[in-house]
Amino acid sequence: DFAELVPIDAKFSNGLYGNRMHNFFAYWYAKAYNRLYTSLRGEDFLCYIRAGCAGSQKWLCTWCGDQFAGFDGLKQQLAAGLSISASGFSVWSGDLAGLCGTPSKEVFLRGLQFSTFQPLMRSGGDSTKQPWDFGETAVKVYLKHFWLRENLIPLIYSSAVKSNKTGLPMTEPMAAAFPNDLSVRRTGSEYMFCGEILFSPVLDEGAEKQTVLFPAGSSWYGIFDGTVIQGGQTLEIPVTLEFSPAYIRSGAVIPVKVTESLELMQPLGDDAVYALLITPPTDARRHRYYKESESCTEFTVQKAKGGFSVSASGENGFEYAIILSDVTYAECDGSALKRYGSEKDLCNKNGYAVSHGKTYIHSENGFKQLTVSLQEAE
């Protein structure tokens, strides 16, 4: 904290004054703490810094300033987060619902939803952020988003590793994520989270609708409402206090940790399993998943006649797949899978089941290639 507060007339040991050392000090401050914690903990530590300058993101995580607990403060978080993302800072967050003052129930819920889709999700501030202090609805919404965040931890970790290797931020402004789409260049109210999730935080008091621009060339699958929206249009999305719009891009292969029932946003226990959350592709796409910083599996998803395929190179330790579409036929590594009546039947059996617009697949040895059909054979 306070590393940016360098007096202009302060003279440093190198003979420079504060007017020239302002940014250098933030850089060396971050580097010194990184060296200290590395000497004590190796790579097992997390440290925030509020100050920042070009290059300091190499050493520490950043939080986007101290905002008041209100909608103006949340809008400042969004502007700051996307600004530093565009400047090469990847691992950042704000204080959930703002730092200063007690948030209203609505501000708390919108801040909670926004924090769920930030690189780091954390509470903080000078007043309560306990959900039970905001009523039963707040507890319900908090639990849903807390467990969704836990579901997404494999994706978030992999995205952090990828960001470290490539320099691409974990939260991409739309103009950076879709540089060839002129329609998104003035969009500052939504962003891509971990490369696969379009998120549009609701940051207006009493909002019942949210304007969301869906980039062309993809279909978009609603996390909270289950809708499928074709890209290339701007829509008014109905919203409640329970969610802000979040959509998975077509052709996504997202590593998740879920309950044995293979459902998102449910409490995780000792029976939790790892699965791939897959959306049907519009075009061929490739993904790199990092289980560890030096352990990488590449997935290729591409359209096939009547359906699509997902191929894995490297070690694929995922036994389960969840496809956000009805499947009429599935095969794993060239062998047809048996269809069962319910996903509950898949626990100790290889096969697939279709329920409520989703397809659940189990292959106890993982797979090198998964092929599915989305329509009945003629």
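**View 1. Aromatic pairs in the predicted model.** The model contains 20 aromatic pairs, where rings of Phe, Tyr and Trp (its six-membered ring) pair if their centres lie within 6.5 Å, with planes under 30 degrees apart counted as stacked, over 60 as edge-to-face and the rest as tilted. Phe 178 and Trp 220 form an edge-to-face pair, 6.2 Å centre to centre with 70° between the planes. Phe 178 lies in the loop between helix 5 (174–177) and strand 5 (191–193) and Trp 220 in strand 8 (residues 219–222), so the pair ties together parts that are 42 residues apart in sequence. Helices (H or I, at least four residues) and strands (E, at least two) are DSSP runs, numbered from the N terminus. This is a predicted model, in which local features need pLDDT of at least 70 and side-chain atom pairs count only at pLDDT 80 or more, while totals for chains, interfaces and linings use all residues. Residues are numbered from 1 along each chain as its sequence is written, and side-chain values use heavy atoms, leaving out hydrogens and water.

**View 2. Packing of helix 3 against helix 4.** The axes of helix 3 (residues 105–116) and helix 4 come within 10 Å and cross at roughly 5°; axes are lines fitted to C-alpha atoms, for helices over the stretch in contact, and angles run from 0 to 180 degrees between N-to-C directions. The two helices are therefore roughly parallel to each other (angles under 35 degrees; over 145 is roughly antiparallel, 65 to 115 roughly perpendicular and the rest oblique).

**View 3. Helix 4 at the largest pocket.** Helix 4 gives the most to the lining of this pocket, with 11 residues.
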